[in-house]
Amino acid sequence: VGGDIMVVPLSAKTGQGLDDLQNILHLQAETMDLRARVQCEAEAVVVEARVEKGQGPVAVCIVTRGELKAARSVVVGSEWGRIK
């Protein structure tokens, strides 16, 4: 039937569909040739956060503005960390 809007079944409670959402967003960004403005502070939305053994805290984010670079500090709510 077509259209410009993609639909991804997703559950924040069970985590179902998060990988599909990441893949669809990546594909859409490539298709639309979206590029972030890198001359400003980064802003992002955290989609998923967890603690992994051997890695520590891990967050899956959608960057809405700017660019995230390794070794930079990030703040999420009252928590902070560095990008690896």
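**Pockets, salt bridges and a surface patch**

Guide: In this predicted model, the second largest pocket has a lining of 20 residues, and Leu25, His26, Ala29, Ile62 and Val63 are the ones nearest its centre.

Visitor: How do its lining residues divide by class?

Guide: The lining of the second largest pocket has 11 nonpolar, 4 polar and 5 charged residues.

Visitor: Turning to the largest pocket, how much space lies there?

Guide: The largest pocket contains about 900 Å³. Its lining is made up of 28 residues, and those nearest the centre are Ala59, Cys61, Val74, Val76 and Ile83. Two or more lining residues come from each of E1, E2, strand E3 (73-76) and strand E4 (79-82).

Visitor: What is the make-up of that lining by class?

Guide: For the largest pocket, 17 lining residues are nonpolar, 3 are polar and 8 are charged.

Visitor: A change of topic: how many salt bridges does the structure hold?

Guide: There are 4 salt bridges in the structure. One of them joins the side chains of arginine 65 and glutamate 43, with an N to O distance of 3.4 Å. This pair links distant parts of the chain, since arginine 65 belongs to strand E2 (residues 56-65) and glutamate 43 to strand E1, 22 residues apart.

Visitor: What does arginine 50 meet in a salt bridge?

Guide: Arginine 50 meets glutamate 48 through a salt bridge of 3.4 Å, N to O. A salt bridge also forms between arginine 50 and glutamate 52, where the closest N and O atoms are 2.7 Å apart. Through shared partners, the salt bridges join Glu48, Arg50 and Glu52 into one network.

Visitor: Why would such side chains pair at all?

Guide: Side chains of opposite charge can pair when their charged atoms come close.

Visitor: Finally, the surface. Which residues form a nonpolar patch there?

Guide: The nonpolar patch consists of Leu25, Val45, Val47 and Ile62, which together have about 270 Å² of accessible area. Two patch members, Leu25 and Ile62, are also among the residues nearest the centre of the second largest pocket.

Visitor: Where does valine 45 lie?

Guide: Valine 45 is part of strand E1 (residues 43-52).

Visitor: Why does valine 45 count as partly exposed?

Guide: Its relative accessibility is 46%, so valine 45 falls in the partly exposed class, which runs between the limits of 20% and 50%.

Key:
Residues are numbered from 1 along each chain as its sequence is written. This is a predicted model: local features need pLDDT of at least 70, side-chain atom pairs count only at pLDDT 80 or more; totals for chains, interfaces and linings use all residues. Side-chain values use heavy atoms; hydrogens and water are left out. Patches are made of residues with over 30% relative accessible area and no salt bridge: like charges are joined within 9 Å, nonpolar side chains (Val, Leu, Ile, Met, Phe, Trp, Tyr) within 5 Å. Accessible areas come from the Shrake-Rupley method with a 1.4 Å probe; for residues, only the protein chains shown count as cover. Helices (H or I, at least four residues) and strands (E, at least two) are DSSP runs, numbered from the N terminus. Buried means under 20% relative accessible area, exposed over 50%, partly exposed in between (1.4 Å probe, protein chains only). On a 1 Å grid over the protein atoms alone, a cavity is a set of points where a 1.4 Å probe fits but cannot get out, and a pocket is an open set with protein on both sides within 12 Å along at least five of seven lines; lining residues have an atom within 4 Å of a point. Grid points are joined across faces, edges and corners, and a volume is the space filled by probe spheres set on the points. Ala, Val, Leu, Ile, Met, Phe, Trp, Tyr, Cys and Pro count as nonpolar, Asp, Glu, Lys and Arg as charged, and the others, Gly among them, as polar.
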